[in-house]
Every structure is written in structure tokens, then in C-alpha cells.
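Here is a short report on one protein structure. Keep the model open as you read.

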Amino acid sequence: MMSFFSARWLGALALLASLFVAMMFAGLALTPDPVRAQNAPGQFDAQAARVRLVRFLGDGAPHPVDSAALDDARDRLLNEIVALGFEPEVRDTFACRPQPRGPLVDCARVRNIIFSVGPESGPAILAAAHYDSVPAAPGASDDGIGVSVWLEIARMLSQEQLTRRVIFLFSDGEEPGLLGAYSFANDDPLMESVEALVNLEARGSRGPAIFFESNQPNADAATAFSAAPRPIANSVMADVYALLSNSSDVTALTRPGLDILNIAVLDGLEDYHTPQDSIESQDLRSVQHMGDVALSVINRLARESDPDVATPMVYTDIASRMFVMAPSWVAQIVLAISGLIAAFAFWRTGAQGRWTALAAPLGLIAIAAAVSFAVGFGFSVLRPGADYGFATPEPARAWCMLSAFFAAVLALLAMRGNRSAEQTGAAAMLLFAMTGGGLSIILPGVSILFAIPSAVFAAGVLTAFVWKPAQSVGAWIAALITIAIWGPLLFLIELALGFEMPFAFAIIAALVLLPCLGLIAQARGEGRWRELAAVTTAALALSIVLSAIAPSMSDARPRSLNITYFLNTTDNQARVLAGSAERELPQSLAGAFEPETILPGDRFDTWATPAPVEQIAPPELQEISVTQEGGEHIIRARLVMNGAYRAILRMPMATEPLRVLVNGVLTDFADTGGEGGDFMNIACQGRACDGATIEIAIGAAPTEDWYMIGQFPGRTMPASDALRAQRGPNATPIQMGDGTTTLSRFGLR
């Protein structure tokens with residue numbers, strides 16, 4: 001009994017507990033500062049930005065592209081700009097954009113708002129945000145936060161002498177397909193003068209403003225961000241973001257040679273594109289932090305000429321208190337040299353236990369991956385469709401991290417024949433540096449996250465030649481720096497990706513523990529590891545149980561769920577739909593729906609239940625003509641919306657779609673990401689679509705299985721109203737929101 005509670009045991013347990021708490025709550029280090037009661041001269045005023053935002057939002061009604069509500073919001077926004085002493089211009093155009101990630105062309109009438117400050121001509125900085133919202137959301141944060149921040153910054157810059165002018169672009173039509181930004185990038189002559197782009201966005205309603213996307217080479221952008229207050233950024237986020245399907249106006253505005261800083265608020269995902277995206281949910285601290293960061297960046301860019309430094313940089317913040325950057329090649333060399341020094345430190349510990357010691361860090365990663373994968377798979381079987389980490393993320397975060405802690409103790413237990421903590425620590429740092437080097441081949445931006453701790457450890461090894469304790473001191477400092485860099489990054493990964501891939505989260509936690517492995521071995525000494533293994537096993541089991549019983553949706557964090565009345569006008573059948581059948585329904589609706597394939601081309605079933613047929617006029621093509629011209633089939637028609645807000649024409653890929661002309665705007669289907677789908681889609685949203693002229697060129701003869709999908713957001717029916725009343729407060733509308741959808745099939749011959 002005494003050995004179980006020995007000082008050695010308690011010390012090792014205390015170290016593990018401290019590491020767990022530090023990693024578990026590292027996100028707190030990124031909490032924005034309190035709102036200032038008084039601003040110093042030249043400091044961003046969040047309260048003033050909020051007042052303008054309240055006036056811009058008016059009654060808080062959603063204001064999607066080409067809607068009456070957006071007309072009113074635009075008028076209010078123009079009044080705010082004029083009140084600041086500027087003369088805004090409205091660029092009114094009909095735009096179509098081929099979506100590069102899917103077989104879709106989006107079209108709408110967009111009205112971009114543009115004004116500038118500084119020199120009247122010459123090189124420019126583009127300060128961008130969008131002012132439209134989705135039909136379900138007021139858009140206070142997405143992207144009212146960006147609009148309000150730029151308005152206050154425009155007021156401040158109007159009193160300054162600038163080297164480069166700042167063009168403010170409040171784009172329209174971002175939500176359906178980046179249409180306003182696409183139009184500005186391709187058709188507006190002002191874009192020719194733009195040398196740098198700063199875009200402000202939000203995928204939530206709180207948390208810090210994060211610099212998450214840039215260009216390559218990125219030296220100018222990283223340098224512009226380097227002086228930002230409470231900087232939060234790292235280059236690997238930009239690398240990973242480039243691999244994801246997400247997009248913002250930056251996607252449409254980017255071009256070679258353009259310096260890019262995309263900055264966004266990410267926390268509060270439960271409010272994103274929902275009715276909760278309101279002034280009440282928006283954290284004023286986030287407005288202040290975004291304003292401070294954007295002002296710092298714009299001041300740096302606008303007060304000097306383009307340095308045009310063509311050097312790829314890697315960078316990271318350290319707990320949002322320090323920003324470190326270096327040329328990518330420097331980080332690679334530092335990482336390589338540090339790895340060699342770690343290899344030397346490992347080799348000189350002697351042959352006894354060498355391979356066992358090297359197996360410990362490998363075992364840590366392998367065991368953490370295996371345990372987290374098994375638990376995640378178990379959850380997918382036990383709770384199919386439930387996002388178990390959404391409403392209560394703490395238990396899921398805990399078991400993902402504890403998978404790594406359990407793996408660390410189990411790996412050290414398995415190598416109990418080795419007694420050298422120094423050997424274990426050197427082996428772990430060698431693997432840490434090697435992993436960083438390997439990953440940086442795929443994700444160059446990750447190198448600095450490994451290089452800094454590895455360099456600190458290497459410096460300790462070299463200093464130990466003249467002062468023996470230096471290697472141990474270096475190991476401790478390397479571990480602390482790793483936690484300071486990687487701990488908050490784990491929180492950002494959680495915000496961006498959730499727990500859809502828990503094994504990836506656990507593997508990253510295991511990598512964070514590598515520099516700590518020797519310290520854990522040193523704290524435990526030569527005692528048995530079974531006690532620590534028992535405690536970590538119990539903690540892991542408890543966190544799994546808590547995660548298993550935690551609700552996946554709550555009143556505070558409701559899950560998105562639209563209740564939609566669906567009418568198939570061809571079959572004269574109706575359904576009420578409740579989202580993808582891949583996702584769990586609220587308990588109040590469980591059993592009311594069955595999975596069913598609804599739309600042609602759907603890859604997943606939808607929750608559906610039969611409903612009475614209502615008389616609804618769907619959008620349709622009228623005045624259709626089909627001719628053969630030069631070996632192509634040309635289809636001409638006029639689109640009649642019949643009250644729909646959005647119409648989607650779905651044509652079979654078998655007809656070999658070539659191009660489309662909508663209201664005189666030409667789009668080539670080859671520019672879409674159309675491979676692999678059965679249908680090519682043309683979507684038109686807003687009032688300008690009613691009566692729109694459409695001309696489609698196809699390479700094969702028309703077929704009988706063309707479809708028209710109509711969306712009527714906000715238009716509900718008695719059958720959907722009855723089920724909507726049962727949805728409860730732990731689920732919320734999103735994107736298009738509750739409404740009606742129609743499907744019509746027709747043929748063209």
C-alpha cells in the first residue's frame with residue numbers, strides 16, 4: 001500500500017495531470033481580451049463598430065442575395081458609408097460562377113458596394129467582407145462582423161496619410177457561390193490595381209480572430225501580420241485549409257502574386273448560418289480582436305510599398321502572445337540539424353535498452369491511434385448519426401487526449417526493461433524531429449511547429465558538454481514550448497474539424513506528448529508503471545462513458561435541422577423532410593421519419609414521412625426550343641420562378657453539357673468540378689431569375705429525364721408546421737431554413 005502512494009508515484013501522477021489539464025484547456029489561452037472601457041488614440045473602437053452594425057441589420061431579418069430584405073439592408077449600409085464621409089459606388093451586375101468543387105453553376109444578380117481611402121489611384125489594398133446572409137440567418141457575425149470592422153477602420157484611415165490606397169469591397173452573393181467577389185475579380189477594373197487582399201469572415205459568433213489562409217510565397221502577408229496584437233496563426237493551418245472543400249470570397253479573388261490574409265472568427269459554430277447568428281450571440285470581444293488585428297495589418301500594408309518578397313515563410317504564434325516566423329528552408333535546416341543532434345544524444349546513451357527505448361515513442365503513437373480509432377468506431381455503431389462532441393465537446397476532447405496519455409503510460413510499461421529516462425527522452429525527441437521532417441514534405445508549414453521545440457532540445461544537448469544539467473533543462477523547456485504551441489492548435493483543430501476523425505486528434509495529442517515522454521519516465525523513475533496504467537485506463541474509460549451519454553444537441557448548442565415540405569409534382573406525392581438520414585434526429589422526432597432517396601442524383605438518404613399533397617406551382621422553363629447548330633444541340637428557354645427563391649435545373653451528364661448562357665452571362669461547364677456526378681446543375685437565386693433567359697449547349701441529344709428543383713424558404717405547409725412544432729429548442733433551422741421544395745421532371749426532344 002505504501003508503494004502505491006509513494007512520492008515517486010504522486011510526482012508522476014501530478015506531472016501527467018498537469019499535462020492533461022494544460023492540453024485540455026489550452027484553448028483558454030486564445031480567449032480575446034476584455035472590451036476596453038476606453039480606447040487610446042488610434043485604437044480600434046469595438047463599441048462604435050457595434051452601433052453601426054445594429055443600424056445596418058435593422059430589424060434583424062435575413063438578407064439573402066437579390067431579395068427585398070437585402071435592398072433595405074444595402075440602403076442602410078450605404079447610409080453608414082455616406083455618414084463617414086465617403087462616396088460609395090454600387091456595381092450592379094448579373095453574375096454566374098462555375099463551382100470548381102462540384103457540377104454546379106450558380107447565378108444571381110449581385111450589387112457590390114465599393115469605396116476607397118488614400119491616394120486616388122495607384123497600387124491598392126483590397127479590404128473585403130460580404131454583406132449578404134443566407135435565408136435562415138440575420139448574418140450579424142457572418143459577415144456583419146467584417147462589415148462593421150471595416151467601417152470603423154475606414155473612419156480611422158480617412159484621417160491618415162497612406163502610401164497605398166485601400167479599396168473597401170462589400171461583396172454581394174457570397175453565400176450562394178462567391179458571386180460578387182467573382183464578378184469583382186473578373187470584371188471590375190479596380191482589381192487590376194490590387195496588390196494585397198485582407199478578407200474578414202466568420203464561421204461562428206465568438207472567439208479570437210484567426211489568420212487561417214494566405215498565398216504562396218507568403219513573406220509579405222506573414223510580415224504584415226507579424227505585428228498584430230494577440231496574433232493567432234500558424235502556417236500549417238493555411239496548408240490544411242487549402243486541402244479542404246471550404247471556400248470564402250478569397251477563393252474567387254485570389255490570383256498569382258496577390259498577398260492574401262484571410263482572417264476569421266471560428267468559435268460558436270452552433271450559431272453559424274442559423275437564426276442564432278444575431279447581435280445577441282455575437283461576442284463584442286471578438287469584434288474588438290478582429291478590429292485590432294485588421295487595423296494592424298491594414299496599417300502595415302497601406303503605409304508602405306509592396307516589398308514583393310518571394311520567399312515562402314513558416315510561422316506560428318506561441319499561446320497568442322508571440323509570433324515567430326522564418327523562411328521555410330531555414331526551418332527545414334533547423335529541424336534536420338536538431339534531428340541529427342537528437343540522434344546523437346540518443347546513440348550516446350549506450351546500446352543497453354536502445355531499441356526498447358526507441359520503441360516507446362513509436363508505441364505511443366500506434367497505441368493512441370488504435371485506441372481512438374476503436375472508440376470512434378464504437379461510437380459510430382452505438383450512436384449512428386450522432387455528433388457526440390458537438391453539444392458537449394469536453395468529454396470527447398478528454399477521451400481523445402486520454403487515448404494519448406494511456407498510450408504513453410502503456411508504451412513505457414511495455415519497455416520496463418529500460419531504465420534510462422534520458423535515453424527515452426532522446427529517442428522521443430528523435431522521432432518528434434523525424435515526424436516533423438516527414439510531414440513537412442506534404443505540409444511545409446508544419447515544420448516550424450516541430451523545429452522550435454527540437455532546436456531547444458538540441459541546444460540543451462550541446463550545452464550539456466559544458467554544463468551537464470543543460471540537457472534536462474532543455475528537455476523541460478522543449479516540453480513547455482511544445483504545449484504552448486500545440487495545445488492551442490489542438491483547440492483550433494477542434495473548432496475547424498470537430499471530432500469527425502478522433503484518431504487524427506489523438507495522434508496529434510500523442511505527438512505533443514513525445515517531448516514530454518522522457519520527463520514522464522524521469523518522474524516515475526524505476527518504479528512500476530501498473531499504477532499509472534490503472535489510473536489512465538480508469539480516466540479514459542470514464543471520459544468515454546461521459547461522452548457516450550452526453551447529448552449531441554442541446555438548447556445552448558442546437559444542431560441544425562430544417563423541416564421542409566417536399567412536393568414531387570410529377571408523381572403528385574408529398575413528403576415532409578428532416579435532413580440527411582446520416583444524422584441523428586432529435587428525440588422528439590425519432591420514429592416519425594424513415595430514410596428515403598428524394599432527389600435524383602442524391603448520394604445519401606433523407607429523413608422523410610408522407611404528407612398531404614398541396615397545390616404549389618413549381619419553377620419551370622417556358623418558351624422552350626431545341627435546335628441543332630454546328631453539331632451541337634442548343635436549348636433556349638425562359639425561366640419562370642412561380643414564387644420560388646431558388647431554382648435548380650438538373651440535366652443528365654449523358655447529354656454532354658458544354659456551356660450555358662443565363663441572362664447573357666456565358667459559363668463553360670468544363671470549368672466546374674463536374675466529374676463523377678450523374679447531373680450537371682444550373683442554380684439561379686433571387687428576383688432577377690424570374691424571366692431569365694437561358695441558352696444551353698449540349699453535345700448529345702436531349703433526354704426525357706431533366707429535372708427542375710424549386711426552393712421556397714420560409715414558405716411552410718400545415719404538415720410541415722405540425723412536425724416543426726415538435727422539433728424542440730435543441731435543433732434549429734440552417735442555410736435555406738424551413739420551407740418548401742418542389743421537384744419536377746420533364747423531357748426535351
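## A buried histidine

H289 is in contact (heavy atoms within 4.5 Å) with P32, P208, A209, P229, R230 and I232, leaving aside neighbours within four places in sequence. This is a predicted model: local features need pLDDT of at least 70, side-chain atom pairs count only at pLDDT 80 or more, and totals for chains, interfaces and linings use all residues. Residues are numbered from 1 along each chain as its sequence is written, and side-chain values use heavy atoms, with hydrogens and water left out.

H289 sits in helix α10, residues 284–302. Helices are DSSP runs (H or I, at least four residues), strands likewise (E, at least two), numbered from the N terminus. H289 counts as buried because its relative accessibility is 5%. Buried means under 20% relative accessible area, exposed over 50%, and partly exposed in between (1.4 Å probe, protein chains only).

## Two disulfides

How many disulfides does a search of the whole structure find? It finds two. A disulfide is a pair of cysteine sulfur atoms within 2.5 Å.

C96 and C107 form a disulfide, with sulfur atoms 2.1 Å apart. It links distant parts of the chain: C96 in strand β1 (residues 89–98) and C107 in strand β2 (residues 104–117), 11 residues apart. The torsion about the S-S bond of C96 and C107 is about 115°, so this disulfide is right-handed. C684 and C689 are also joined, S to S 1.9 Å. Their link is left-handed, with -90° about the S-S bond.

C400 is buried, at 0% relative accessibility. C516 is buried too, at 1%.
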